[in-house]
Amino acid sequence: MEVVIVPDAKAGGALIAGAMADLLRRTPDALLGVATGSTPLPVYEALAAQVRSGSVDTSRARIAQLDEYVGLPADHPESYRSVLRREVLEPLGIGMDAFMGPDGTAEDVQAACEAYDRALTEAGGVDLQLLGIGTDGHIGFNEPCSSLVSRTRIKTLTEQTRVDNARFFDDIDQVPHHVITQGIGTILEARHLVLLATGEGKADAVAATVEGPVAAVCPASALQLHPHATVVVDEAAASKLKFADYFRRTYVNKPDWQGI
């Protein structure tokens, strides 16, 4: 696992957007796994700026959804399909025909989960999966004590996660209790995992992910098992890392050609 400490969220967004752009130059039809929430917005903004400048072509890029609420219509403004259309697809000039996501309104939710997991494999797998992290260490909606080999499935949200997400709704009663999420085992199949964390509120989760044991109580710690995982954190989110100075020194002395 590589840990990169950046000054702030904007710098982290630019770094990750640069990695995505480099990937698209090598593999124009790359499948990018994307996450929702406020944390990844600087990534999408920086990548969209590169698209507007003509430095990267996204015309053949494909987008894969990490998770989705169960029961929200696809056109609901807070369904993750709608959010990603506004925040990722439209700014990058990518059409819905290049988008993959689970059906949160399916009558048979389990079948929809299995279908999406299968579709990711049939698409050749995710080339780069962008992840955020919850204050309790969850990735996607794999809440604490999720199986580290889990596949795409339905999960019940913790009350803390519902409270955290209530800011996107009028009140907490509108936040669904259930979601479809790629499982940890599914996430680990992506070729490159990039986790972005910003703010002091994520510091404990980042420390547990990077320096703690691999344990289901901190689902993000499973990234330690991946052959190409990058954790990008701002100074606040890195504030509880014991080996922060080592991580800084390692990155400063890294060959430029390696990227992240």
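Two strands count as paired if DSSP finds at least two bridges between them, and helices (H or I, at least four residues) and strands (E, at least two) are DSSP runs numbered from the N terminus. With that in hand, let us walk through this predicted model.

## Ground rules

Residues are numbered from 1 along each chain as its sequence is written, and side-chain values use heavy atoms, with hydrogens and water left out. Because the model is predicted, local features need pLDDT of at least 70 and side-chain atom pairs count only at pLDDT 80 or more, while totals for chains, interfaces and linings use all residues.

## Parallel strands around S2 and S3

Strand S2 (residues 31-34) and strand S3 (residues 62-65) run parallel and share four bridges. Leucine 32 sits opposite isoleucine 63 of S3, and valine 34 has glutamine 65 as its bridge partner in S3. Between S2 and S3 the chain passes through helix H2 (residues 41-53), giving a right-handed β-α-β crossover; right-handed here means that, with the strands pointing away from the viewer, the path from the first strand over the helix to the second runs clockwise.

## An open antiparallel sheet

Three strands make up an open antiparallel sheet in the order S4-S8-S7. S4 and strand S7 (153-156) are the edge strands with a single partner each, so one side of each has no neighbour in the sheet. On average, neighbouring strands here are turned by 30° against each other, direction ignored.

S4 and strand S8 (residues 178-181) are antiparallel and joined by three bridges. Within this part of the sheet, aspartate 67 stands opposite threonine 181 of S8.

## Nonpolar cores

A nonpolar core is a set of buried Ala, Val, Leu, Ile, Met, Phe, Trp, Tyr and Cys residues joined through side-chain atoms within 4.5 Å. The largest one has 62 residues, and those with the most contacts inside it are Val3, Ile16, Ile63, Leu195, Val233 and Leu241. Helix H1 (residues 9-26) gives the largest share of this core, six residues. Another core, of 10 residues, lies apart from it and includes Tyr69, Val83, Ala166 and Val179.

## Aromatic pairs

Rings of Phe, Tyr and Trp (its six-membered ring) pair if their centres lie within 6.5 Å; planes under 30 degrees apart count as stacked, over 60 as edge-to-face and the rest as tilted. The structure has five such pairs. Tyrosine 69 and tyrosine 80 form a tilted one, because their ring centres are 4.7 Å apart and their planes lie at 35°. This pair links distant parts of the chain, with tyrosine 69 in strand S4 (residues 67-69) and tyrosine 80 in helix H3 (residues 80-92), 11 residues apart.

Tyrosine 246 and phenylalanine 247 make another tilted pair, at 6.0 Å between centres and 55° between planes. Tyrosine 246 is partly exposed because its relative accessibility is 46%, whereas phenylalanine 247, at 12%, counts as buried.

Conventions. Buried < 20%, exposed > 50% of the residue type's maximum accessible area, 1.4 Å probe, protein only. Axes fitted to C-alpha atoms, helices over the stretch in contact; angles between N-to-C directions.
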